[in-house]
Amino acid sequence: MPGLRLLLAEGEGLTSNYAYMPVTFDEAVFGESRDEVMSRLAAEGIGARKYFYPLVSDYACYRETYHSSETPVARHLASQVLTLPLFEELGAAGADEICDVILKGPGSNPRK
């Protein structure tokens, strides 16, 4: 799906722990922001959450030492990452439901 990227552990020596299902949404390509997708999922009773948000450098205890403007890549990614539900009882039908809600966004073709 253009504008939607799965963040999977890939490469030599990397193994996913399958604890999270992070994805990014490039609003310019996907047609919706991460927050808009999160709202649509919530409206369907699907709990997703922002990941790497807020940045550690945005916490009050670190603001004097670090500033998020010094880490533009992290700041940009933090605005795009959404962690989708992932748990043992989810099953294929639950995963399909999540995908269907996401795929029904602007400019996308529903799988149904």
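Is Ser57 buried or exposed? In this predicted model, Ser57 is buried, because its relative accessible area is 12%, and a residue counts as buried when that value is under 20%.

## The surroundings of Ser57

Ser57 lies in the loop that runs between strand E3, residues 49-50, and helix H3, residues 72-78. Leaving aside residues up to four places away in sequence, Ser57 touches Tyr62, Arg63, Tyr66, His67, Ser68 and Thr71.

## The overall layout

The protein contains 4 helices and 4 strands, and when these elements are read along the sequence they follow the pattern β-β-α-α-β-α-β-α. Taken along the principal axes, the box filled by the C-alpha atoms is roughly 50 × 35 × 25 Å.

Of the 112 residues in the protein, 29% are buried.

## How helices H2 and H4 meet

Helix H2, which covers residues 34-43, packs with helix H4, which covers residues 91-103, at an angle of about 130°, and the axes of these helices are 10 Å apart. That angle makes H2 oblique to H4, and the crossing of H2 and H4 is right-handed.

On the H2 side the residues that take part are Val37, Arg40 and Leu41, and they meet Ile98, Val101 and Ile102 on the H4 side. Sorted by class, the contact of H2 with H4 has 5 nonpolar residues, 1 charged residue and no polar residues.

In soluble globular proteins, nonpolar side chains tend to be buried together. In this model the largest nonpolar core has 13 residues, and those with the most contacts inside the core are Phe25, Val37, Leu41, Leu82, Leu84, Ile98 and Ile102. At least two residues of this core come from each of strand E2 (21-25), H2, strand E4 (81-84) and H4, while the largest share, 3 residues, comes from H4.

Two of the residues listed for the core, Val37 and Leu41, also belong to the H2 side of the helix contact, and Ile98 and Ile102, likewise listed for the core, belong to the H4 side of that contact.

Leu82 is among the residues with the most contacts inside the core. Not counting residues up to four places away in sequence, Leu82 touches Met21, Pro22, Val23, Phe25, Arg34, Val37, Met38, Leu41, Ala48, Arg49 and Lys50.

Thr83 is found in strand E4, and with a relative accessible area of 6% Thr83 is buried, since this value is under 20%. Again not counting residues up to four places away in sequence, the residues that Thr83 touches are Tyr20, Met21, Pro22, Ala48, Arg49 and Tyr51.

## In and after helix H4

Asp96 has its place in helix H4 and is partly exposed, with a relative accessible area of 35%. Along the sequence Asp96 and Pro22 are 74 residues apart, and in space they are 16 Å apart, C-alpha to C-alpha.

Lys104 is placed in the segment after H4, and with a relative accessible area of 46% Lys104 is partly exposed. Although Lys104 and Val37 are 67 residues apart along the chain, their C-alpha atoms are separated by 9.8 Å.

Definitions and conventions: Residues numbered from 1 in each chain as written. Predicted model: local features only at pLDDT ≥ 70, side-chain atom pairs only at ≥ 80, totals over all residues. Heavy atoms only, no water. Axes fitted to C-alpha atoms, helices over the stretch in contact; angles between N-to-C directions. Parallel < 35°, antiparallel > 145°, perpendicular 65-115°, else oblique. Left-handed = near helix turned anticlockwise from the far one by under 90°. Contact = heavy atoms within 4.5 Å. Nonpolar A, V, L, I, M, F, W, Y, C, P; charged D, E, K, R; others polar. Core = buried A, V, L, I, M, F, W, Y, C linked by side-chain atoms within 4.5 Å. Buried < 20%, exposed > 50% of the residue type's maximum accessible area, 1.4 Å probe, protein only.
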